[in-house]
Amino acid sequence: MPSLNDVVQRHTDLSEADLDWLHALIADWQLLADLSFADLVLWVPDRDGEGYRAVAQMRPTTGPTAYVEDLVGTYLVKGRRPLIDTAYTEGVIRREGDPEWWDDVPVRVEAIPVRHEGRVIAVIGRHTNLVAVRTPSRLELSYLECGSQLATLITEGRFPHSTRTDMGRRGAPRVGDGLVRLDADGLALYASPNAVSVYRRLGLAADLVGQHLGKATATLAPPPGARDEPLEDVLGGRQHIRTEIEGNGTVMTLRIIPLDPGGQHVGALALCRDVTEVRRRERELLTKDATIREIHHRVKNNLQTVAALLRLQSRRIASAEGRAALDEAVRRVGSIAIVHETLSQTVDDTVAFDDVADRLLGMVAEVAATTSDVRATRSGTFGILAAETATPLAMTLTEVLQNAVEHGLGRRGGAVQLTAQRSDGQLLVTVEDDGAGLPPGFDVGTTGNLGLQIVRSLVVGELSGTLDIGPRTGGGTRVVLDLPVEAESPR
């Protein structure tokens with residue numbers, strides 16, 4: 001299915017500013033669909049002037065849909081729907097006198113021109129399913145009146161508000177959550193049952209209708225503190241605003257949409273939603289995240305303490321072999337500590353492993369610097385890894401890199417290259433050195449070296465991967481780790 005950007009850029013002469021305006025409109029037009037109890041289809045004029053293309057569609061959550069199938073991508077030849085043509089050329093809302101019939105469903109059709117910077121750039125087709133028509137209730141009449149005024153604002157280029165294009169995005173209250181219709185003075189003319197319920201939970205005992213919304217809300221909320229303007233002025237209905245009100249153990253999201261067709265302020269539309277449970281869960285998650293990060297931080301500190309004790313112990317041992325064994329243990333503990341330090345700085349249980357790999361390379365090169373000149377470099381990217389993968393992989397790389405420096409390069413020094421290749425579900429890690437190479441008869445499956453035993457156990461046992469150690473082309477050693485990993489999701 002073609003995207004809005006693709007169709008506009010390939011088939012129309014609309015500018016980038018026009019495209020941004022259409023994006024802002026469809027981000028917020030669920031409001032119009034719900035108030036109108038109607039399906040909306042956005043038509044943009046084709047570059048050749050011979051027709052229109054449907055680039056977006058929205059169904060109402062307050063009533064039955066008129067079109068079951070998706071109309072996005074449809075091409076409409078000019079003249080086939082005179083209502084769309086007239087609305088586009090004359091720039092006024094047009095309504096069909098008789099309903100259309102679509103699969104035995106009567107549908108009332110209207111065309112709403114979309115104006116931006118004084119020009120009509122598109123037309124919204126508004127399609128209302130009339131199959132269940134009955135005498136409308138007061139709620140439905142209020143919805144329809146607000147929907148009519150909102151359509152007028154779209155025709156005049158006043159909606160969406162140019163500086164408030166994010167008002168209708170995720171988390172914003174919707175029509176069904178609670179609606180209050182305000183007059184020009186900010187008094188509540190009508191409040192839906194859901195809106196009344198939200199205000200009851202905030203602590204309002206009196207009837208909301210007839211009260212000034214800003215003043216009534218201000219009495220229910222604690223003092224605003226550092227708020228620039230008093231709450232009663234902010235919620236007076238004359239400015240676009242989205243805010244949260246907390247009181248009586250309840251959290252409410254409130255959005256104000258001024259209604260000023262023709263530039264004359266006639267009132268406002270207030271949408272409210274009880275988000276108490278949402279905010280409670282968010283706070284619980286934040287507390288859990290903070291606790292997990294603190295645990296990783298303390299584990300890192302404890303590991304560093306263990307490494308420091310081992311380092312002190314190695315200095316007291318006269319045996320060179322004993323000191324070397326303790327120094328290896330220090331590096332192994334240190335590699336795990338690096339992973340926990342990284343986890344203590346993230347909000348989830350994942351690790352950006354490139355930073356860990358670079359620190360491991362630096363740690364190994366620093367140790368080798370006392371005896372030889374080692375150049376350690378990395379290419380490619382590991383991406384984001386789960387903690388249960390990052391920890392054994394960090395230990396594995398520590399052992400492999402240490403072996404490359406100590407046994408491959410020795411005192412003569414040389415280069416170590418770490419390469420990572422990440423694809424869907426697979427991570428290929430290669431460590432190459434230009435050192436002396438493997439000893440005759442080397443077999444990774446039978447070698448008694450503790451470091452390689454640890455590597456084999458981690459790669460095969462914990463990471464469910466494969467390990468291959470062989471000669472490098474041109475001399476030296478090449479170690480390849482082939483590991484299954486979860487596909488990296490976009491962050």
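Colleague: How many disulfides does a search of the whole structure find?
Modeller: The search finds 0. A disulfide is defined here as a pair of cysteine sulfur atoms within 2.5 Å. This is a predicted model, in which local features need pLDDT of at least 70 and side-chain atom pairs count only at pLDDT 80 or more, while totals for chains, interfaces and linings use all residues. Residues are numbered from 1 along each chain as its sequence is written, and side-chain values use heavy atoms, leaving out hydrogens and water.

Colleague: Why is C146 called buried?
Modeller: Buried means under 20% relative accessible area, exposed over 50%, and partly exposed in between (1.4 Å probe, protein chains only). C146 has 1%, so the label buried applies. C272, at 0%, is buried as well.

Colleague: What makes T430 count as buried, and where is T430 found?
Modeller: Its relative accessibility is 6%, so T430 falls under the cut-off for buried. T430 is found in strand β17, residues 426-433; helices (H or I, at least four residues) and strands (E, at least two) are DSSP runs, numbered from the N terminus. Leaving aside residues up to four places away in sequence, T430 touches Q417, L418, T419, R478, V479 and V480, contact being heavy atoms within 4.5 Å.

Colleague: How do you know that the buried residues of α7 line one face of the helix?
Modeller: In α7 (residues 213-220), the buried residues are L213, G214, A216, T217 and L220. Viewed down the axis, they fall within an arc of 165°, so they line one face; the arc is taken from the directions from the helix axis to the C-beta atoms. K215 and T219, on the other side, are exposed. The cover over the buried residues includes β8 (179-182), α6 (193-202) and β12 (267-274).
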